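Hi,

Here is the structure I promised you, with some notes on its salt bridges below. Have a look at it first, then read on.

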Number of protein chains: 2
Amino acid sequence: MPINLHLLRLFAAVAEYQSFSRAAGALYISQPAVSKAVRELERQTGATLLDRSRSPLALTEAGEILYRHAQQIFRTEHAAEIALAHLRDLEQGRLAIGASTTIGAYLLPPILGAFHRRYPKIQLFLDIGHTRDIIERLQSSPLDIALVEGPVEADGLEVTPWREDELVVIAASDSPLGRAHAPSLKRILAAPFVHRESGSGTRQIIDEALRAKGITLPVTLEAADTETVKHLVSAGLGLGMVSAAAIAQELELGRLIVLDAPELRVRRWLSRVQAPIRPVSSALQAFLALLDAEV
Amino acid sequence: MPINLHLLRLFAAVAEYQSFSRAAGALYISQPAVSKAVRELERQTGATLLDRSRSPLALTEAGEILYRHAQQIFRTEHAAEIALAHLRDLEQGRLAIGASTTIGAYLLPPILGAFHRRYPKIQLFLDIGHTRDIIERLQSSPLDIALVEGPVEADGLEVTPWREDELVVIAASDSPLGRAHAPSLKRILAAPFVHRESGSGTRQIIDEALRAKGITLPVTLEAADTETVKHLVSAGLGLGMVSAAAIAQELELGRLIVLDAPELRVRRWLSRVQAPIRPVSSALQAFLALLDAEV
DNA sequence: GATTGGCATAATGACATGTTATCACATCAT
DNA sequence: ATGATGTGATAACATGTCATTATGCCAATC
């Protein structure tokens, strides 16, 4: 039979204030309620807890022992309250985000930076990988949310469009095509092309979108990641097609040039993916607000 | 607003069994009761504690935190139960006994020995002093019980006769009176006498009892304690009058002799003194039983 | 010896906590 | 598919815990 912790709370107050009536006052209840509670606790524990013959009230040995444990219990209870409040006030907590490579590398860092400045106590986990893997980890639950490229066929997942992203054709600024003002589609398609590997989401999107338009890009080279594609392109090995978000720095430095080819324009939606029924932590809530706020 | 620890208990069971219905079974209550309790706890804490979308049931971050604290709380509760049971079963506890010098030195040791052999986990305190001081310490509460000589005028204390004690006249066995078969009262009263100091209870008893009979003993020497009286007497400095309980060893060794003088026979009651309303611990209860049992 | 403060007791009332009945929804074997 | 099974949610209702007010007793104090 467990100890009735409600009665214990009242008894602890009596022990602390060394008086039934003062304890009652502190608890905002009547004195008889406290009297009865302590008496009932004594009945249940089978031990006399208070020496009512002395004034101020004294604890018996059993009362002493029980009181010490009660203090420990209510200290822990208080700690729990504090911890929950911290969680609510975002002064404690974790947030695990999954992202596909391009988003993780180019779009998320500033957002995570802003989040961290605002909620420095929240522990952030960023998991970058292929959409397939990210989705899998979202379903098996270590991830709170995922931001991925392209279409998601998910069982019970909620997919929301987040931002639109454009894939642009890039050339080294010191290459012939880079120096051309507005090269024709024909000239562009005649040039060598550097691509991401076949498995990647970006590559899939590009292939599908262009196939729909009846265009096939030449494949000269495949690279494992966007960063390599950019380096190869700026080294003059050919043209490339990457997310507009990925080349801000190179454009600024004048290393790369965007070739404006309306026929090759590929736009895609970046998606926010969540498990729909799963409870939403305060940290996730705050992160969602930030995602919607940022333009 | 403190956490409702009753609801917390049900929640902790759910967390442990990762199932509402199994938790309900373990608690011997119905499943809806558990459902409602957890829901109410979530309402009160303002946090979602369980992720009901996964199976088996998963804890949210808040639930995780609350569960850890709950475990700590209920561990402490269990420790309290154990401690109280120990107290009840006399496997833990203290017992503080006050005694006047003669009782403490000669009568109590065998009793305390028996008590300790029977209840080795109980911590014993023996406080030996003048009746006056012992009574004072009983009232101001560090002592659970006192065993004293002679009459006690106590305010609200309960005085119960314990054992009868006889004060006997002793002589060194190699002294002239010691060798005499049955010396006359006159011869005894003519001899030098070694007494306890005037403040002691024993001395008071002797003086009063003999004064009632119209007898006054000569005072040759005063000593601070019974042990010294015995040594002085066996060294031949005169006769003495001490508790029969105090000389068992010397009689056995043949050092001292009891002079049988009917006129000088002084009997007194040794008393058990307790604070009447004060709660009685298990240890004290056991000690009282032992006091009554020993003959 | 009346007053005051503190705890106990009794009669009664409100709310917390339990119950049964039932539904909704998955999973799973047939 | 389909019906059996397991699990949780919800609703209506019963119960018992925990509170209240009213009052009495006792000790301390002026």
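By salt bridge I mean a side-chain nitrogen of Lys or Arg within 4 Å of a carboxyl oxygen of Asp or Glu. Searching the whole structure that way turns up 37 of them over all chains.

Some housekeeping: this is a predicted model, so local features need pLDDT of at least 70 and side-chain atom pairs count only at pLDDT 80 or more, while totals for chains, interfaces and linings use all residues. Residues are numbered from 1 along each chain as its sequence is written, chains are lettered from A and ligands numbered from 1 in the order in which they are written, and side-chain values use heavy atoms, with hydrogens and water left out.

In chain B, Asp165 and Arg268 pair up at 2.9 Å, N to O. B:Asp165 sits in strand S6 (residues 158–172) and B:Arg268 in strand S11 (residues 266–274), so the bridge ties together parts 103 residues apart in sequence. (Strands are DSSP E runs of at least two residues, helices H or I runs of at least four, numbered from the N terminus.) B:Asp165 is buried at 6% relative accessible area, and B:Arg268 is buried at 4%; buried means under 20%, exposed over 50%, partly exposed in between, with a 1.4 Å probe and protein chains only.

B:Glu77 also bridges to B:Arg9, at 3.1 Å from N to O. That pair links helix H4 (residues 61–88) to helix H1 (residues 5–17), 68 residues apart. B:Glu77 is buried at 4%, as is B:Arg9 at 18%.

Over in chain A, Arg196 bridges to Glu197 at 3.4 Å between the closest N and O atoms; A:Arg196 is buried at 7%.

Cheers
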